[in-house]
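Please look at the sequence and the fold shown below, and keep both in view while reading the report that follows.

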Amino acid sequence: LPRMPVVAGCASLPRWAQRLGRVAAPRSRAPPSRAAFNPQSPHSRREVIFGTTMAMASSGEAARPSVIDAHLHVWPSPSAYTYAEGKAPPDSLAEVSSAESLLEQFAKAGVDGALVVQPINLKFDHSYVSSVIEKYPGKFVGCCLADPTEHGGGVDELRRLLDGGYRAVRFNPGLWPSGTKMTDRVGREMFALCGERNAPVGFMCFHGLDLSIEEIETLCADYPETPVLMDHFGFCKGVRDPNWQKLLGLARFPQVSVKASAQFRVTPEGANGASWPYLSTGEQLRELIDTFGAERVVWGSDFPFVLEQCGYSGETPAAGIIRECGARLSDEEMAAVMGGNLRRMFPGAWSR
């Protein structure tokens with residue numbers, strides 16, 4: 001793939017480009033030190049800003065890299081919330097997926113905050129996630145779920161949610177009415193609004209990137225002001241997945257970033273390393289960074305589902321996958337992927 005040119009920061013650039021500064025080119029890499037990413041270890045806190053790193057020592061505390069989880073969900077206990085028929089969470093996760101349970105995991109794992117994605121089991125009822133964002137300021141940024149359904153909320157409901165404090169939006173292609181596409185009038189109106197509000201759109205291509213790639217490319221080309229976050233490696237299972245090159249091809253749109261998240265979901269069947277630290281994803285992560293640039297890749301856990309896999313904290317922490325998966329990120333790349341990039345995408349969102 002051709003490398004995107006370096007762009008200088010200027011007022012005429014789209015807002016996402018002013019934040020990102022440039023698309024990173026391949027660079028020589030030194031192996032990361034263990035302290036470079038151990039959330040429990042003192043270390044100079046680094047954030048990637050316009051493709052460079054800036055060490056920031058926090059006075060009065062042991063400075064370490066900032067850790068922000070780019071993809072997780074929370075939901076209320078079934079004892080406190082009446083779920084629609086067929087939408088109740090699995091019994092194994094029903095009582096361990098509240099915001100309070102998550103904060104306990106944060107404390108154990110050394111995670112500072114997260115982008116909370118509206119879970120599908122709550123569908124378009126955002127009341128619980130909204131209450132969590134309000135209750136714990138400085139910990140969470142909300143990603144709402146776009147409603148493209150027939151007679152649904154569409155752009156008016158999305159505007160209300162963004163006005164109410166949400167700062168990102170999820171597009172789930174499976175929610176569009178049969179026979180329609182994300183490039184229909186409703187989809188275009190919502191995608192354009194996200195560009196106006198500087199709210200990244202996360203595409204959740206659960207059933208395969210190939211089913212939605214043309215629509216994603218069209219929206220990115222027609223609305224270059226709208227930032228994009230591709231969920232879970234684009235749901236590509238390894239670098240030999242037929243859709244992998246399609247995902248890498250999105251690097252030609254500078255507003256597109258990728259979540260290196262839910263590694264347990266994208267391990268090829270029968271592959272070695274199907275458990276923590278999911279070694280098969282190391283090659284994917286390295287190619288993402290070499291193609292998109294470290295400034296356009298972010299780590300996410302997919303809590304609470306990760307609890308049934310490697311766990312969030314403990315001996316095999318979700319936040320340790322990026323360090324241990326074999327991608328051999330440099331200290332600067334690690335700091336960017338594990339929190340620096342999200343802080344730049346959502347300035348002022350997290351208190352640590």
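Phe235 is found in the loop between E8 and H7, where helices (H or I, at least four residues) and strands (E, at least two) are DSSP runs, numbered from the N terminus. Although Phe235 is not a glycine, it has a positive phi of about 60°, and at 14% relative accessibility Phe235 counts as buried, a word that means under 20% relative accessible area, with exposed over 50% and partly exposed in between (1.4 Å probe, protein chains only). Phe233 is in the loop between E8 and H7 too, and has a positive phi of about 55° without being a glycine; Phe233 counts as buried because its relative accessibility is 1%.

This is a predicted model, in which local features need pLDDT of at least 70 and side-chain atom pairs count only at pLDDT 80 or more, whereas totals for chains, interfaces and linings use all residues. Residues are numbered from 1 along each chain as its sequence is written, and side-chain values use heavy atoms, with hydrogens and water left out.

## Cysteines

If a disulfide is a pair of cysteine sulfur atoms within 2.5 Å, how many disulfides does the count come to? The count comes to 0 disulfides. Cys236 is in no disulfide, and the nearest cysteine sulfur, that of Cys205, is 8.8 Å away; Cys236 is buried, at 0% relative accessibility.

Cys194, which has its place in helix H5 (residues 185-197), is also buried, at 0% relative accessibility. Leaving aside neighbours within four places in sequence, Cys194 is in contact (heavy atoms within 4.5 Å) with Leu158, Val169, Ala199, Val201 and Thr226. Cys194 and Leu158 are 36 residues apart in sequence, and their C-alpha atoms are 8.9 Å apart in space.

## Helix H6 and its buried side

In helix H6 (residues 213-222), the residues Ile213, Glu215, Ile216, Leu219 and Cys220 are buried. They lie on the same side of H6 because they cover an arc of only 165° around the axis, the arc being that of the directions from the helix axis to the C-beta atoms. The buried residues of H6 pack against H5, strand E7 (201-203), strand E8 (228-230), helix H7 (244-249) and strand E9 (256-261).

## Two cis peptide bonds

The peptide bond from Trp276 to Pro277 is cis, with omega near 5°, and Pro277 lies in the loop between E9 and helix H8 (280-292). Another cis peptide bond joins Phe303 and Pro304, with omega about 5°, and Pro304 is found in the loop between strand E10 (297-300) and helix H9 (321-324).

Conventions: A disulfide is a pair of cysteine sulfur atoms within 2.5 Å.
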